[in-house]
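Trainee: Hi, I'm new to this one. Could you walk me through it?
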Amino acid sequence: MKPNLNTKSENTWCPGCPNHMILESVKQTIVKLIQSGKHKQTDFAITTDIGCHAKIFDYLNLSGINCLHGRAIPTAIGIKMGNPNLKVLTFAGDGAVYAEGISHFIHAFKYNADMTLILHDNQSFSLTTGQPTPTSQRGYISKSAPLGVFDKPMNPIKLALASNATFIARTNARDVPHMVETFTKAIAHKGFSFVEVIQDCLIFNPDANNKDKQMYKIKTNTNKKIAEKLADEFDYNSKRGKISLGIIYQSKEPTPEKKWPQLSELLRSKKLWRDK
Amino acid sequence: MRLNIIIGGKAGQGINKVSQIVSNVLVGYGYFTFNYRDYQSLIRGGHNFNTLSISDVQIESHEARADILIALDERTIKTHRQALKKNGLIITADEFKNEGRNINISLAGALIKIFGIPLVELEKEIKSQFKEFDKAIISAKKGYDSQKIIHQLKKLNNKPSILSGSQAIAIGAKNSGLDLYIAYPMTPATNAMNELAKDQVENKLMVFQAENEIAAANMALGASFAGAKTMTGTSGGGFDLMGETFSLQGISEIPLTVYLASRPGPGTGVPTYTAQSDLNVALRAGHGEFPRVVVAPGNPTETIEKTSEALYLAEKFRTLSIILSDKHLAESEFSSVESSNKTPKFKIIRKIPGKNLVKNSSYETDKFGNSTESYRLTTENANRRLAKYATLKDFIKDKFEMIKIHGNEKSKNLIVGWGSTSGVIKDVIKDLDAKFLQVLYMKPLSNRIKKELQEADNVILVECNLTGQLGRLIREKTGIKIENRLLKYNGRPFHTDELKNLIEGMI
Ligand SMILES: Cc1ncc(C[n+]2csc(CCOP(=O)(O)OP(=O)(O)O)c2C)c(N)n1
Ligand code: SF4
């Protein structure tokens, strides 16, 4: 039987918003994982941030917390400490993670909890009507910044690499099969897996949209030097530059669930803290 | 009987070792000790001192005037000479220069002789503390032989044990089966974290240092959601950072217990000193309107009990529980023969991920846990939170001690106080016509407080803060303004002799 991941909540994303396709890809990924018999529906726990992206919380029939703005990552890490046997996924935006919660992003790579971050990057604070985020391109004009953004955008892939990420992937919110493939690999990765989803917002920052022509797919890369080159190809600013999709970098590092004796014991015995 | 010893020196010279050895010997000899630690925010140098108070009855405070001054450096003599009583004695570390690292053991030996306690008692203590004790015992004897008996103490039958407020937090948490303590270091909360971290694997719990207090609080909430008994702890600044998460607790109703150990603010204030100035923020941190428990123990025994109650209430009512302490309670060493009440045991039986589908949210939610903007549900949920607080209040009233009355119950002189100030008030009123109303639960506040205030002729509020925060809270809840106030806010707690003079002048 196909597990039911649907909810009764009314979907309030704009018609045509690529968030609909992210939702579809997440459902396909998780349905497959459940149908493979590896996981039960109740094994998953999600955290979502605050923003357009976070509405995904209401549209997925999975356990989880709809968190505070910027704090979906530490809350997820806490869930994983509270029960290392859960499959934990976080959904967050570029405003949420690269602005409000940036410290947690960097530390998440250092701690390397076995969980997945799916980041909907639309280069805009959309739910709050289009203010610039750290990945908005230079010159982006919005109501709160009528003079335009003066700074060069942040390159989150480079930041992740510098933070010793063990899994960095990029995918396209208009490409469901590629998202499903990437999410599946991210969830399978042992450690903190970071997937950046390039997601157009149809309402705000349209200049940042339609990057499909720049995109190309790569094979899984495990070489740090090559990863740095791939990260450098696109600076989140210009209309030029190639945007690699796929696993930009993957490496093996022990996870805290193995290193902390308390957590590894819960993992080994499949026990809860309360049964310790 | 009461003796007061000031032991001073530079940070790193080992003044704590002197008071620790002496306290242990005294306690073993049946005496009660109270050790106040006054230290600066530096690692080496400066001027630190302990005031070790000794009595044949239980005490929870120290005096300003000293019978003996132990000086590990010159500055100690300069700073504390005027506090020495007439005929007071000064012992300097200079006398034991040749003992090297063991100077503090010689000083302990000197004190033990002054009290007329047999040398073997000290030797026993040293052997229990050091693996290589031969040299230490020689140094102890040097100190011992250098003095004459001045205050002959006879052996008593009491069997007190020594605890700090920080150790008590850890004991209370372990009694309740704590699984996770997630925090970021901040004096004076850190010692509780250290205590829990010590034998974490053996105790089947985990202590995790997050990247900041915001992360700590949100991780704690996540872990609690997943079904672990979880606690976080911090001081005022970190508590401010956690405010938004408290508010998330309020709406998501994921149980959360927070240990707040205060120090003088605003800002970084005087970071290694004490104050009771965070009652307001404990009562109000976090936007929106939601229930919470704020409980303020006054000594380690109460801290053990109230920590367990806080954890119990957080889980039972899926609420925010705040244990409010401060530097004076957290870091002073108390000795006591009291045993704590039975721990209210509990198991997590709510729905948890892994077993069930469970959704909690920072949004107002419908019955599935999904976001809603319905005016009907918004009202219903708010009403439910209010009703929960009413149930919680009734429950606490029936089950737990919300206030305590000490001293002469018939007296018309009523002292009102709370937290770490309770100890000194209890000691002061021993020889006065006064009764002391100690408030333990700040939220909910006991209905009995109003009656007590109405029955008294003379009410005096004693707090270590600038604005009389408990007094204001009581006025808010009862309409009664306490006019007589003794407020101290220089970072130092009240001394027994100091407070006694002040109160005597008012009754
Ligand atoms: C502490 C806090 N600050 C600000 C906000 C307002 N806020 C809500 S969503 C949001 C930005 C969302 O941007 P992003 O994470 O990029 O998500 P998107 O809406 O673009 O999907 C902000 C600033 C908030 N909810 N909480
Ligand atoms: S505002 Fe943009 S991101 Fe938000 S739902 Fe509409 S299209 Fe999607």
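This is a predicted model: local features need pLDDT of at least 70, side-chain atom pairs count only at pLDDT 80 or more; totals for chains, interfaces and linings use all residues.
Trainee: Let's start with ligand 2: which residues surround it?
Mentor: Ligand 2 is surrounded by A:Trp13, A:Cys14, A:Cys17, A:Asn19, A:Cys52, A:Asn122, A:Ser126, A:Gln199, A:Cys201, A:Leu202 and A:Ile203. A residue is near a molecule if one of its heavy atoms lies within 4 Å of it.

Trainee: Thanks! And how many nonpolar, polar and charged residues are in the shell around ligand 2?
Mentor: That shell has 7 nonpolar, 4 polar and no charged residues. Here Ala, Val, Leu, Ile, Met, Phe, Trp, Tyr, Cys and Pro count as nonpolar, Asp, Glu, Lys and Arg as charged, and the others, Gly among them, as polar.

Trainee: What about ligand 1: how many residues surround it?
Mentor: There are 17 around ligand 1, and the closest are A:Cys52, A:His53, A:Gly95, A:Ala96 and A:Ser124. By class they divide into 5 nonpolar, 9 polar and 3 charged.

Trainee: Which chains do they come from?
Mentor: Residues from chains A and B surround ligand 1, so the site is shared between chains. Helix α4 (residues 94-100) of chain A gives the most to the shell, with 4 residues. Helices (H or I, at least four residues) and strands (E, at least two) are DSSP runs, numbered from the N terminus.

Trainee: Which atoms of ligand 1 lie 2.8 Å from a backbone atom of A:Gly95?
Mentor: An oxygen atom of ligand 1 lies 2.8 Å from a backbone N or O atom of A:Gly95. For A:Ala96, a backbone N or O atom is also 2.8 Å from an oxygen atom of ligand 1. In the side chain of A:Glu100, an N or O atom is 3.4 Å from a nitrogen atom of the ligand.

Trainee: How much of ligand 1 does the protein bury?
Mentor: Taken alone, ligand 1 exposes 590 Å², and the protein buries 77% of that. Those areas come from the Shrake-Rupley method with a 1.4 Å probe.

Trainee: Switching topic: how many aromatic pairs are there over all chains?
Mentor: A search of the whole structure finds 17. The rings of B:Phe34 and B:Phe334 have their centres 5.0 Å apart and their planes at 90 degrees, so that pair is edge-to-face. Rings of Phe, Tyr and Trp (its six-membered ring) pair if their centres lie within 6.5 Å; planes under 30 degrees apart count as stacked, over 60 as edge-to-face and the rest as tilted.

Trainee: Where do those two sit in chain B?
Mentor: B:Phe34 lies in strand β2 (residues 32-38) and B:Phe334 in strand β13 (residues 333-336), so the pair ties together parts that are 300 residues apart in sequence.

Trainee: Are B:Phe34 and B:Phe334 buried or exposed?
Mentor: Both B:Phe34 and B:Phe334 are buried, meaning under 20% relative accessible area, while exposed is over 50% and partly exposed is in between (1.4 Å probe, protein chains only).

Trainee: And where is A:Thr171?
Mentor: A:Thr171 is in strand β5 (residues 167-172) of chain A. At 0% relative accessibility, A:Thr171 counts as buried.

Conventions. Residues are numbered from 1 along each chain as its sequence is written. Chains are lettered from A and ligands numbered from 1 in the order in which they are written. Side-chain values use heavy atoms; hydrogens and water are left out. A polar contact is a pair of N or O atoms within 3.5 Å; within protein, one must be able to donate a hydrogen and the other to accept it, and residues adjacent in sequence count only if both atoms are side-chain atoms.
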